[in-house]
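The structure is shown first.

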Amino acid sequence: MVTVHPPHSTQTAEGPAATDRSAALLTELFDPANRHDPYSIYVRMRALGPLHDGPFGLPLATDHADCSAILANLDWGHDREPEQLHPTMPVGAFPTTFLWMEPPDHTRLRGLVTKGFTPRVVAGLRPRIEALVDELLDTALRAGEFDLIETIAYPLPLTVVCEILGVPAADHPQVQVWSQALARAFDPDVLMTSEALAARNAVIPDFLGYFRELVERARREPGDDLISQLAIVEEAGDRLTADELFGTCVTLLIAGHETTVNLVGNGMLALLRHPDQLALLRANPDLVAPAVEEMLRYDSPIHMNTRAAKRAMTVAGRTFAPGDGAVALIACANRDPAAYDDPELFDVTRFDRSRPVAPGARPVSRHLSFSLGHHYCLGAPLALLEMDILLHAVLRRVATMDLLTDTPPYKPNMLIRGLAALPTRFHAA
């Protein structure tokens, strides 16, 4: 458990007592024992104030308006995260990734990989995703009782992104092991155990070495996969260096499935715990798309993201000098009562654009789970499609489903937060 010691030079507007309460709340929040329910802690944090000084030297923003302003404004950059959150990572251990870049390099690299995630390419994946979902549901229904994370949540997005990249099916289990280790490593170093840090540092060279082999194979025998396309670009000139290519492959693999695993797990858990909302979906399958948006808002796969000021900026009355960092608590902002009515309520109709808005009612705010601005999630359309197809198939093929435990276990991850297992029972329709 991390004990937060607030900096002596910084106090909240309410004074030292509030600073102490803030530190106590952050100690609770970052304790892995509380991964099952960070939201009750978020409620108390918002009530105490909009900014809280974190154990890694960055203030944490809690309000939807502040987090939106930080994430959407080009004057806040994402290129300082390695030094802000991962100071113990060996220099040069992790290659260049566009996640931690700003224009023009971010624009250049993201433009190269976007070709694998255009609306046309994603739409073309529908038949393959539908077939895969049916295969996974066949397995689940034959078993009756199963772990939804192991049986559905992991293999669905992992298989899809591996096929996009060109990772052979035989390598998927090993790739999953490497990916889970690195996904854990996105947490701030100060929140990780020495064992987790050692595992991160050990897995990086193996992961990169694997992609070097894939790239070399793609050059010898190019296919229609994304790695082959990127390898050709790298060979054509200096638009994509070898280091950028390997870092991009690792980034796409992790970002392309780890967050979707959590969307599937967290979203299905919400339905299992809210049978009235599941009944609404069964009665009106047209609500599936807005239901997925509500799942993302209600229990976000990503809980926080960092930015660094490029010029003097002001958030919640505090001035940030150029280079100063801040953390947007995305999951906390997604339940801000200033942005959403009844934010603690799971409501699959919340984002239904077809229903009339009552006179005087405020419009529904955009959730922040895919971030905003030029760092908006590249794989968002693919994640939405995968979850949409899965929910439609569940509604069609599963008559009843039961949660087999009241306390499903969570992975220790804070930033990419999700279930370690979800024991479930399905009955075929």
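## Helix packing

A helix crossing is called right-handed if the near helix is turned clockwise from the far one by less than a right angle, and left-handed if the turn is anticlockwise. In this predicted model, the crossing of α5 and α13 is right-handed. Helix α5 spans residues 105-113 and helix α13 residues 242-255; the two pack at an angle of about 60°, and their axes are 12 Å apart.

On the α5 side, the residues that take part are R108, L109 and V113, and they meet E244, T248 and L252 of α13. By class, this contact comprises three nonpolar residues, one polar residue and two charged residues.

R417 belongs to the loop that runs between β9 (398-403) and β10 (423-428). R417 counts as buried because its relative accessibility is 1%, and the cut-off for burial is under 20%.

The side chains of R417 and Y410 are joined by a polar contact of 3.5 Å. Beyond its neighbours within four places in sequence, R417 is in contact with several residues, including R35, H36, D37, N262, N266, D299 and H303.

## Cysteines

The model has zero disulfides by a rule that requires cysteine sulfur atoms within 2.5 Å. For C332, the closest cysteine sulfur is that of C67, and the separation of 7.0 Å is too far for a bond. C332 is buried, its relative accessible area being 0%.

For C377, the closest cysteine sulfur lies in C162 at 16 Å, which is also too far for a bond. C377 is partly exposed, with a relative accessible area of 26%.

Terms used
Residues are numbered from 1 along each chain as its sequence is written. This is a predicted model: local features need pLDDT of at least 70, side-chain atom pairs count only at pLDDT 80 or more; totals for chains, interfaces and linings use all residues. Side-chain values use heavy atoms; hydrogens and water are left out. Axes are lines fitted to C-alpha atoms, for helices over the stretch in contact, and angles run from 0 to 180 degrees between N-to-C directions. Helices (H or I, at least four residues) and strands (E, at least two) are DSSP runs, numbered from the N terminus. Contact means heavy atoms within 4.5 Å. Ala, Val, Leu, Ile, Met, Phe, Trp, Tyr, Cys and Pro count as nonpolar, Asp, Glu, Lys and Arg as charged, and the others, Gly among them, as polar. Buried means under 20% relative accessible area, exposed over 50%, partly exposed in between (1.4 Å probe, protein chains only). A polar contact is a pair of N or O atoms within 3.5 Å; within protein, one must be able to donate a hydrogen and the other to accept it, and residues adjacent in sequence count only if both atoms are side-chain atoms.
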